[in-house]
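Please view the sequence and the model before reading on.

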Amino acid sequence: MRRKINPILQLLAIIYHITIFLPLGIIVTIILCTITIIVLPFAGNTHWSNLPAIIWARTLCALSLVRVSVQGSENIDPKASYIFVANHQSLYDMPLVYGWLKNNFKWIIKKEFRKMPIMGKTCELMGHIFIDRSNPMRAKNSLDIAKQNLKQGNNSIFLFPEGTRTRNGQIGRFKRGAFTIARDLHLPIVPITINGAFNALPKGLNYIIPGTIEMIIHSPIDTTKLNDDNLNEMIYKIKTTIQSDLKP
């Protein structure tokens with residue numbers, strides 16, 4: 001449920017968003033996307049090519065007066081490959097994950113994101129994977145690309161199994177894509193719980209509400225015995241783990 005906002009604070013948030021956050025946010029995005037495009041041919045798939053995105057994400061949160069809290073970083077190895085799955089609360093999930101998840105990963109994101117000015121093209125050049133959920137064959141091809149990236153051994157993938165942002169703060173139905181990749185490659189799945197992003201920027205709101213966003217990184221879950229027979233059981237386990245730390 002969306003929290004009620006004091007009308008005066010709401011007005012101040014809108015004024016700040018229009019006069020300060022939007023202009024500075026656009027400038028920062030253009031500069032860091034441009035740097036990424038320039039650096040990519042030389043840095044390749046390394047920390048250095050991802051560094052502008054990390055700076056972008058942290059700057060965006062700072063500009064929007066959003067504080068970030070991270071728990072559980074010690075649960076994962078920054079150099080290992082995982083399949084990260086998280087609940088999808090708002091557009092602010094992306095800067096949260098980009099800025100504070102230390103692993104080198106590729107997003108699996110819906111194809112509409114490709115149309116975003118500057119950012120869509122930058123994400124494409126960085127090797128992030130766009131998925132067309134309306135077309136099963138294209139969606140399968142996108143998941144096959146994700147598998148190939150993981151087989152290279154120096155990447156993880158990150159996706160939101162709900163496929164879209166929540167409308168009420170609660171977790172929706174999980175799609176099977178991430179779990180079929182785990183079934184085929186037997187890579188550990190890392191559930192991540194995101195709190196506060198829904199209150200900061202719920203779906204349908206056009207300005208950001210200052211507050212705290214929390215990312216809780218749970219322990220990796222082994223998938224070496226994952227198969228078609230217990231796939232639904234695994235999906236339930238991951239969803240329950242994420243829900244266990246989800247705040248109302």
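The model is predicted: local features require pLDDT of at least 70, side-chain atom pairs count only at pLDDT 80 or more, and totals for chains, interfaces and linings use all residues. Residues are numbered from 1 along each chain as its sequence is written, and side-chain values use heavy atoms, with hydrogens and water left out. The structure contains 11 aromatic pairs, and a search of the whole structure finds six salt bridges.

**Aromatic rings**

- Rings of Phe, Tyr and Trp (its six-membered ring) form a pair if their centres lie within 6.5 Å; planes under 30 degrees apart count as stacked, over 60 as edge-to-face and the rest as tilted.
- Phenylalanine 158 and phenylalanine 160 form an edge-to-face pair, at 5.4 Å centre to centre and with 70 degrees between the planes.
- Both phenylalanine 158 and phenylalanine 160 are buried; buried means under 20% relative accessible area, exposed over 50%, and partly exposed in between (1.4 Å probe, protein chains only).
- One aromatic cluster is formed by Trp56, Tyr82, Phe84, Tyr98, Phe105, Trp107, Phe158 and Phe160.
- Lysine 239 lies over the face of phenylalanine 174, at 5.7 Å from the ring centre; a charge sits over a ring if NZ of Lys or CZ of Arg is within 6 Å of the ring centre and within 35 degrees of the ring normal.

**Salt bridges**

- A salt bridge is a side-chain nitrogen of Lys or Arg within 4 Å of a carboxyl oxygen of Asp or Glu.
- One of the salt bridges joins the side chains of glutamate 112 and lysine 111 (3.5 Å, N to O). Glutamate 112 is partly exposed at 41% relative accessibility, and lysine 111 is partly exposed at 30%.
- Another joins glutamate 124 and arginine 114 (3.4 Å, N to O). Glutamate 124 lies in helix α4 (residues 119-126) and arginine 114 in the loop between β3 (105-110) and α4, so this pair ties together parts that are 10 residues apart in sequence. Helices (H or I, at least four residues) and strands (E, at least two) are DSSP runs, numbered from the N terminus.
- The side chains of glutamate 214 and lysine 247 also meet in a salt bridge (3.3 Å, N to O). Glutamate 214 belongs to strand β7 (residues 211-217) and lysine 247 to the segment after α8 (231-244), so the pair ties together parts that are 33 residues apart in sequence.
- Glutamate 214 is buried, with a relative accessible area of 9%, whereas lysine 247 is exposed at 51% relative accessibility.
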